[in-house]
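This briefing goes through selected features of the model shown below, grouped by topic.

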Amino acid sequence: MGRSLFCCAAAVIVVSLPSADAWAELQAHRAAYRLNLASGEASSGVIDASGGLVVEYRRDCDGWESRQRLGFVADTEEGQDFTYDVHSTNWESLDHTKLRFTTVYFQGETKLEEFRGEASFASGKDAGTADFEVPTLETVRLPAGTEFPTAHVMTLIEAAEAGDLMVTRELFTGSGPDPLMTVNAVIAHPKDVEDTPVKGWRVRLAFFPTDGTSEVPVTEIGYYLGSDGVIDDVIIDYGDFVLEGERASLEWLDHPDCT
């Protein structure tokens, strides 16, 4: 089963970080999406699914807080429904070197798993560490060039603006037992959004274990990515079934006055 929308990202790559101007392009917002079953393999037994996704970015004077909730109910041929519900909250510093992360998985009202901790780099080009507090005390080494979730969104926007069609990064989210993933992104040519200065690109992300043991992605995610960081037309491919999401609402949130 996949993880949250920006969770999962083969060699270690040292990357240049997005510029200060690039950070200004990401707009604080809250968007909600309706999820439905797009397709399913016969072996999955899934005949229908529906749910929702909420993505929120809030800016403070020192960083970005991102919140996501992804939940759906799937019907199976055997008549036994199953649910998937995950809540994620991250705070990431503006210089990309610090991350506080919490992800909780639920089955109905029952908490199944929780992952919480902090990660940091001494600087943008150095290796870092992630210290888990929950479920157990554990330290994970982060290779040089690893990106945190909000930085990865900005990398995709910056790469798309530059005309790059493929981007590979190591991504750490802290969202599960395998929190470090290799993400391969394919970016389509840009499309201007009518009556706005916003551009957008179709993006497809494939998430692989960093150890290179599998040529098959754990999860694939596709969406239309605007230059303001807002996504639409979401596709979440779990392998044996695929969900599609249409944006139902969008609310712009204020930036703080940090003068």
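Rings of Phe, Tyr and Trp (its six-membered ring) count as a pair if their centres lie within 6.5 Å; planes under 30 degrees apart are called stacked, over 60 edge-to-face, and the rest tilted. Ring pairs of this kind link F72, F82, Y84, Y105, F115, Y238 and F241 into a cluster. The model is predicted, with local features requiring pLDDT of at least 70 and side-chain atom pairs pLDDT 80 or more, while totals for chains, interfaces and linings use all residues. Residues are numbered from 1 along each chain as its sequence is written, and side-chain values use heavy atoms, leaving out hydrogens and water.

**Aromatic pairs**

- By this rule there are 15 aromatic pairs.
- F72 and Y238 form a tilted pair, 6.0 Å centre to centre and with 40 degrees between the planes.
- Because F72 lies in strand 3 and Y238 in the loop between strand 14 (231-237) and strand 15 (241-252), this pair ties together parts that are 166 residues apart in sequence.
- F72 and Y238 are buried, where buried means under 20% relative accessible area, exposed over 50%, and partly exposed in between (1.4 Å probe, protein chains only).
- F101 and F132 form an edge-to-face pair, at 5.1 Å between centres and 65 degrees between planes.
- This second pair links distant parts of the chain, with F101 in strand 5 (residues 98-107) and F132 in strand 7 (residues 128-134), 31 residues apart.
- Both F101 and F132 are buried.

- Helices (H or I, at least four residues) and strands (E, at least two) are DSSP runs, numbered from the N terminus; two strands pair if DSSP finds at least two bridges between them.
- Strand 1 (residues 29-40) runs antiparallel to strand 2 (residues 46-59), joined by eight bridges, and A31 stands opposite V55 in strand 2.
- Strand 2 also pairs with strand 3 (residues 63-76), in the antiparallel sense and over 13 bridges.
- Strands 2 and 3 form a hairpin with three residues between them; the bridge partner of V54 is R69 in strand 3.

**Helix 2**

- Helix 2 (residues 149-161) has 13 residues and reaches 19 Å from first to last C-alpha, close to the 18 Å expected at 1.5 Å a residue; the expected span is 1.5 Å times one less than the number of residues.
- Eleven of the 13 residues in helix 2 are buried, so the helix is mostly covered.
- The buried residues include H152, M154, L156 and I157.
- Just after helix 2, G163 takes a positive phi of about 85 degrees.

**Salt bridges**

- The structure holds twelve salt bridges, each a side-chain nitrogen of Lys or Arg within 4 Å of a carboxyl oxygen of Asp or Glu.
- E56 pairs with R58, the closest N and O atoms being 2.7 Å apart; E56 is buried at 10% relative accessible area, whereas R58 is partly exposed at 35%.
- R30, E56, R58 and E251 are linked in a salt-bridge network.
- E133 forms a salt bridge with R116 at 3.7 Å between the closest N and O atoms.
- That pair links distant parts of the chain, E133 in strand 7 and R116 in strand 6 (residues 110-121), 17 residues apart.
- D237 and R204 meet in a salt bridge (3.4 Å, N to O).
- D237 in strand 14 and R204 in strand 12 (residues 199-209) are 33 residues apart; D237 is buried at 16% relative accessibility, and R204 is partly exposed at 30%.
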